[in-house]
Amino acid sequence: MLYRMLPSVDEVLRGSASAVLMEVHGRMAVTHAARAVLGRLRVEIAAGTQGEESLADVLRDMAAALEREVREAILPSLVPVLNATGVVLHTNLGRAPLSRAALDEIVRVAGGYSNLEFGLETGERGRRDQHAEPMLLQTLAAMTEKPLEQFAQRWSVAVVNNCAAATFLALNSIAEGGEVLVSRGELVEIGGGFRIPEILRKAGVVLREVGTTNRTRIADYASALTANTRMILRVHPSNFRMEGFTAKAELAELIALGERAGVPVFEDQGTGSLLSPEELEANDESSLLRSVREGPALIAASGDKLMGGPQCGILLGEPKLLEAIRANPLFRVLRVDKLTYAALGATLRSYATQTEDDIPTVRMLRMKPEVIRARCAAVAEAIRGDGIEASVVPVQSVMGGGTTAGTTLSSFAVEMHCGVGASVLLAELRRQTPPVIARVQHERVLLDLRTVAPEQDTLLVELLHDAVRGLSA
Ligand SMILES: *Cc1c(COP(=O)(O)O)cnc(C)c1O
């Protein structure tokens, strides 16, 4: 009976190997590992895949099996990866990488207590948004060249979990039970299940569709207004582009109409970009800065798209609307914690002090193609030979993450080939530590270095070598 050869869990735990492991990883983890190893052996015996000799070998090396098991069990599942896809805001890869300043701020604040909701002057309960509002308003006032006092009377700020939450909360706080006008051309799905008609329904508002899919004029909005209209919603269509026979009302026209009718205009802006619209090259790229200049009653934006900060949703609008939003019990449900305020504050400070190049997303967007080309040439040179072919090819990087569809940036990539199919190489790259995420075009693996931090070029070279070695092993 092979089962008889197996020690009991207790016997394994009394062994000297277990004692050493317990000192490092604790008794619970080692006990759990011992159960797992013995359990697996029982399954293998039952399946007939273990014989007397092979089992004896495994048992002799119990210490190693136990250690492997403990290590694997406590391995984090969330790990850093190298993004060589050229998609700057890759939602599946965690969107915006945080700046050094944002990370330092998290470390400075989150390891201890903080004045998150505490007024240091009054000694009484304070608002969390005191840690986002002043910095955002100060930055936006400076960027739009408005006096701060005047600006601060017009705008107030609330931060929630993400832009989807911000949009939902705004609709529910201001328009519940009433009608909201939305152009048929803006009844979109942003991705990840965020569909405008469904969000409206769940927020308890009645969707009043305006115009047609391709053409919606200001007159269409005007004729759709009723006594029940609580809000006009403008949605930045983010991930698709309409071409041909199209028309849409300008935001300024909507704002004028809203003011005449006494109905607030709410813009789901999305990108949160604080760069000048001109800099973003694409003429119709939505920018938070441009929205603030135009001045709808309320704006929702993401923190981790073009702003380059932590995941959050920023609501920026007229103080009386923000009051209604803060009074909604759902505001409490959707609130963010001190890590987010710390990182957001530091990110905004980079814009306020014009050191926004320290924000990885901004640096990647601004990186000149010639610089990327030179880095690609160096990487290609370093990996070429020993069965690896590498060359530098022009490609287009993508903004991604719900920024204007079709907005691309000229870039360069290392095209890599090593005698195996592209998907085989791609999979081997994913097996590295850290994993390298690349893309395939015409059966060739491409590594766009725009989205790889320059400091990691040497690491990338090592990982590429390791991957090819792994393939031939
Ligand atoms: C991306 C986006 C959202 C969703 O933002 P999250 O921060 O991912 O929740 C909503 N609206 C628009 C216009 C967007 O671009």
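1. In strand β5, V210 is the residue that bridges to S183, and this pair belongs to a set of five bridges that join β4 (residues 179-183) to β5 in a parallel arrangement. Strands here are DSSP runs (E, at least two residues; helices are H or I, at least four), numbered from the N terminus, and two strands count as paired if DSSP finds at least two bridges between them.

2. On the basis of the note: the model is predicted, so that local features need pLDDT of at least 70 and side-chain atom pairs count only at pLDDT 80 or more, while totals for chains, interfaces and linings use all residues. Residues are numbered from 1 along each chain as its sequence is written, and side-chain values use heavy atoms, with hydrogens and water left out.

3. The pairing of β4 with β5 sits within an open sheet of seven strands, whose order is β3-β9-β8-β7-β6-β4-β5 and whose pairing is mixed. Its edges are formed by β3 (156-160) and β5 (206-210), each of which pairs on one side only. Neighbouring strands of this sheet are turned against each other by 25° on average, direction ignored, with axes taken as lines fitted to C-alpha atoms and angles running from 0 to 180 degrees between N-to-C directions.

4. The ligand is surrounded by 13 residues, the closest being R95, S238, D268, S302 and K305; a residue is near a molecule if one of its heavy atoms lies within 4 Å of it. Two elements, α9 (163-175) and β7 (265-270), each supply at least two residues of this shell.

5. Polar contacts, meaning pairs of N or O atoms within 3.5 Å, can be described for three of these side chains. A polar side-chain atom of R95 lies 2.8 Å from an oxygen atom of the ligand, and one of K305 lies 2.7 Å from a ligand oxygen atom, whereas D268 places a polar side-chain atom 2.8 Å from a nitrogen atom of the ligand. The protein covers 93% of the 380 Å² of accessible area that the ligand has on its own, as computed by the Shrake-Rupley method with a 1.4 Å probe.

6. A further set of strands involves β10 (residues 389-400), which is joined by two bridges to β2 (residues 87-89) in parallel, with L89 standing opposite G400. In general, strands of a sheet pair through backbone hydrogen bonds, either parallel or antiparallel.

Notes:
A polar contact is a pair of N or O atoms within 3.5 Å; within protein, one must be able to donate a hydrogen and the other to accept it, and residues adjacent in sequence count only if both atoms are side-chain atoms.
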